[in-house]
Amino acid sequence: MSDVDRLLIDIAAVDANLRDCQSAPPVLRAALADADETLAARFREGAPASELVPLRAQVVDQIITRLWHICLEEYAEEACLAAVGGYGRGELHPASDIDVMILIPESVPDQFNEAVSAFVTSLWDIGLEVGHSVRSIEDCKRQAADDITIATNLMESRPLAGNEKLFQAMQTATSPFQLWPGPAFFEAKWQEQQQRHERYHDTSYNLEPNIKESPGGLRDIHMVGWVAKRHFNAKTLHDLVHRGFLEEAEYDALMQGQYFLWDVRFALHLLAGRREDRLLFEYQTELAKQFGYQDADHTLGVEQFMQRYYRVIMQLNRLNELLLQLYQEAILYADIDERPELINKRFQIKRGFLEVTHRRVFTRYPFAMLELFLLIEQRPEIKGVRAATIRLLRQARNQIDDAFRADIRCRSLFMEILRQPQGLTHALRRMHHYGILSRYIPAFAQITGRMQYDLYHVYTVDTHTLMVVRNLRRLAIPKHQHEFPLLSRIYAQLPKPELLYLAGLFHDIAKGRGGDHSELGAEDTYAFCLQHGLSRYDCRLVAWLVRKHLLMSMTAQRRDISDPAVIDDFAQEMGDQTHLNYLYLLTVADIRATNPSLWNSWRGALLLELYRRTQRALRRGLGQPIEEETLVAQAQATARELLRTHGLHHMTVRSIWRHFTPEYFLRYSPQEVVWHTRAIHAAGDAAHEPLILVDEQGGRGGIEIFIYTRDQDNIFALAVAAIDRLNLDIQDARIITTANGYTVDSFLVLGENVTAEAIKQTLSEALKSTTGALTENTRPLPRRLRHFTTATEVDFAEDAKNSRTAMELITGDQPGLLARIGQIFATLNIRLQNAKIATIGERAEDVFFVTDQHNDPLSPAQQQELRAAVFAALNDEADLLRRGDGV
């Protein structure tokens, strides 16, 4: 070993200590620990993982070969100890598994088996995470034939100690001439990769990506190497350059990407203190600091670090795809001679793949870089793009400059791509994957790989953007119209669907620049549309959609849409049915592309309610809001007619309704009023007991809970605490007090595996509490939430029209949050009239409409007292939860 290596492990000293001691494991354990500590120190001092990973493999080689000879003694040369997997490649990170195979003759004595058992036990004793197998040559041949993973491990194995002739015989028996020849091996490994990618939803851009297994991760680099070694007998990845599969620049990019991922993985193992390949939230911020990223004005250090990570794996994913397609052509299609089908003088189809007719196509006809994607849309029989053409495209993309973007042919081609009746999603994804989209729209380059460090946005901005367009596009495809029938019908009425796609493409284009990304994005959008020949009306419409793309969701989730004034304000913003239609479709597509768990039936029902109420307001005419008295009368008339069909006399109905406020009939649909009224009537003399109704198929897209009981100060707190104990998530709360001292409360909740009877029983027991004591929350804070700190904000606004105060609360999401807020209201004699509940990732953004005990808006002094109580309670609770102490 070299002088540097002696600083890691002094073999002479180790051997001397082994001679002087009775037990080898303590000596070797100490040597390994010293070496690992030295490697970690070097890494922290700036040594790259590309230097340290092989060194750790060398250290482990020295340790386990000595242990092999000590444990097996006279049997050490009869069998062969081999490294397999990553260890076989000579790559070991701080906490990597040590995968070894013990290759044995066909028959061995019992003493040999005992010695092997002692050897494996000793490996664990010295602190190694060991994966081992004991096989004969026949075992290797049989198992490798049945399992491509075993065949791959054997292919990467190397002898460490013992009988090397046995090892060579194993290599011969499992060579491509005996099993898994190149074509079969390639097809099996390609299918294996596709299945692995599917487990990660075919995207690398997850909140907590796996740097080894995700698309673009280290395993994709291994895949390239395995095929090169199996089919082409390549010794190193650089051999692919000599064979024409990689260009030198591509090889450099591949290796630089691998070394970056090695650095991240090395640091991750040290930080976690164990083998960990997931970039979990608890490590991302610290890793960003270690790699030198600092918070800036408009972006966090962790966001900068993760953006670099995502861009690296995007590059690796592109190279992986390029190489696998080249492999496919060289391995599977090598003997197939097929005449190409000429499309035009620039492109042709060969073996189902699109290719250029000659190497200088993109140089002579730069606009062909966009024409390629249009042809793919127009010719659905095309399977993909030939690898050689992809390479030429990537080499030519530097020609996409201002002159290219100003070329009328390029602008026309881009708009034609958006207007095609099929293939838009795949075309845009290919444009992005090949690096064309970010060249044609320079602002798109800034959002490529950009993540937002929160639990709300689970994809990078570029991935989210393309998913928005994909969601919009699905509305036009007949086989998907069953998913959102109404939205598909609205889509069919749009005069120009391409305007919607442009809005989807640009709606987040300005994220990360600072300022209001909606306003900044609208400016970019208007200029782009104007440059591409759209009318000024169309330009204004697309820019308006980008500027207002959050308005509909914010109105639905944060404001009281049962209030006619809110609907009138929103209708004024829309202006006409066309703007409403476009914005409705964009809003749904945006929410669905933000987080898979974010879209639910409740949000769908809420947006639909806002859409329909606004539609009616637009039909009446702007500036002519319907009077509340008229709305109440209409709701009552409809409900009376329905109740009459159920046999309730109008005087019975009147006696029940006489104490209900007009606000009740504004907030509840006639169907809900009928449901409540019939239940109150059926309860009769038992109405002094809490009346609890549960509709598991509620019309508002969740489980509807209705409570009718004598009012008391802490009803809301007791109810939400009980609901929280059932692990149900409250989406909406409506609280109304009747004139005769009853409270009419309803909650819309989401959850699973809870029956209506369980909800009724739990709530009934909670509301009958004589002491009014609030059961303390015992649920721990979920792991992901512990690593986010959301500063608590409490703001007040006057709702003069309804004589109440709106309190907006922003704080970190936590178990029992609503129950604690309810308890504060009860303690301070504050009445809750209504609530809009919104959980956005790790943030709770709730709005409570409150009054004092005399049903008047809160005074400034009361507001200050409430703010102080909320701050004190929530900050103390958050600290306890983050420490894992519970509450």
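The structure holds 44 salt bridges, a salt bridge being a side-chain nitrogen of Lys or Arg within 4 Å of a carboxyl oxygen of Asp or Glu. This is a predicted model, in which local features need pLDDT of at least 70 and side-chain atom pairs count only at pLDDT 80 or more, while totals for chains, interfaces and linings use all residues. Residues are numbered from 1 along each chain as its sequence is written, and side-chain values use heavy atoms, with hydrogens and water left out. Here is a friendly tour, starting with the charged pairs.

**Salt bridges**

- Arginine 265 and aspartate 277 join their side chains in a salt bridge, at 2.8 Å from N to O.
- That pair links distant parts of the chain, 12 residues apart: arginine 265 sits in helix α13 (residues 248–272), and aspartate 277 in the loop between α13 and α14 (281–290). Helices (H or I, at least four residues) and strands (E, at least two) are DSSP runs, numbered from the N terminus.
- Arginine 265 and aspartate 277 are both buried; buried means under 20% relative accessible area, exposed over 50%, and partly exposed in between, with a 1.4 Å probe and protein chains only.
- Arginine 667 forms a salt bridge with aspartate 560, with 3.9 Å between the closest N and O atoms. Arginine 667 belongs to helix α35 (residues 662–667) and aspartate 560 to the loop between α29 (551–558) and α30 (564–574), so this pair ties together parts that are 107 residues apart in sequence.
- Both arginine 667 and aspartate 560 are buried, and the two also take part in a network of salt bridges that links Asp560, Glu663, Arg667, Asp799 and Arg804.
- Glutamate 757 and lysine 760 meet through their side chains in a salt bridge of 3.9 Å, N to O. Both residues lie in helix α38 (residues 756–767), three residues apart, which is about one turn of the helix.
- An α-helix has 3.6 residues a turn, so residues three or four places apart point the same way.
- Glutamate 757 is exposed, at a relative accessible area of 54%, whereas lysine 760 is partly exposed, at 28%.

**Arginine 734**

- Arginine 734 has its place in strand β11 and counts as buried, at 7% relative accessibility.
- The side chain of arginine 734 reaches the backbone oxygen of arginine 667 at 2.4 Å.

**Cavities**

- A search of the whole structure finds seven cavities of 30 Å³ or more. On a 1 Å grid over the protein atoms alone, a cavity is a set of points where a 1.4 Å probe fits but cannot get out, and lining residues have an atom within 4 Å of a point.
- The largest cavity holds about 180 Å³ of space. Grid points are joined across faces, edges and corners, and a volume is the space filled by probe spheres set on the points.
- The largest cavity is lined by 17 residues, of which Asp711, Gln712, Asp713, Arg831 and Leu832 are the closest to its centre.
- At least two lining residues of the largest cavity come from each of α37 (715–725), β11 (729–737), β12 (742–750), α39 (817–827) and β15 (831–836).
- By class, that lining has eight nonpolar, five polar and four charged residues. Ala, Val, Leu, Ile, Met, Phe, Trp, Tyr, Cys and Pro count as nonpolar, Asp, Glu, Lys and Arg as charged, and the others, Gly among them, as polar.

**Helix α4**

- Helix α4 (residues 49–72) has 24 residues and reaches 34 Å from its first C-alpha to its last, close to the 34 Å expected at 1.5 Å a residue. The expected span of a helix is 1.5 Å times one less than its number of residues.
- Helix α4 is mostly covered, with 17 of its 24 residues buried.
- Glutamate 73 follows α4 and has a positive phi, near 50 degrees.

**Positive phi in the loops**

- Most residues other than glycine have a negative phi.
- Asparagine 233 is not a glycine, yet its phi is positive, about 60 degrees. Asparagine 233 lies in the loop between α11 (218–232) and α12 (239–242) and is exposed, with a relative accessible area of 52%.
- Asparagine 727 also has a positive phi, near 60 degrees. Asparagine 727 is in the loop between α37 and β11 and is partly exposed, with a relative accessible area of 48%.

Notes: On a 1 Å grid over the protein atoms alone, a cavity is a set of points where a 1.4 Å probe fits but cannot get out, and a pocket is an open set with protein on both sides within 12 Å along at least five of seven lines; lining residues have an atom within 4 Å of a point. A polar contact is a pair of N or O atoms within 3.5 Å; within protein, one must be able to donate a hydrogen and the other to accept it, and residues adjacent in sequence count only if both atoms are side-chain atoms.
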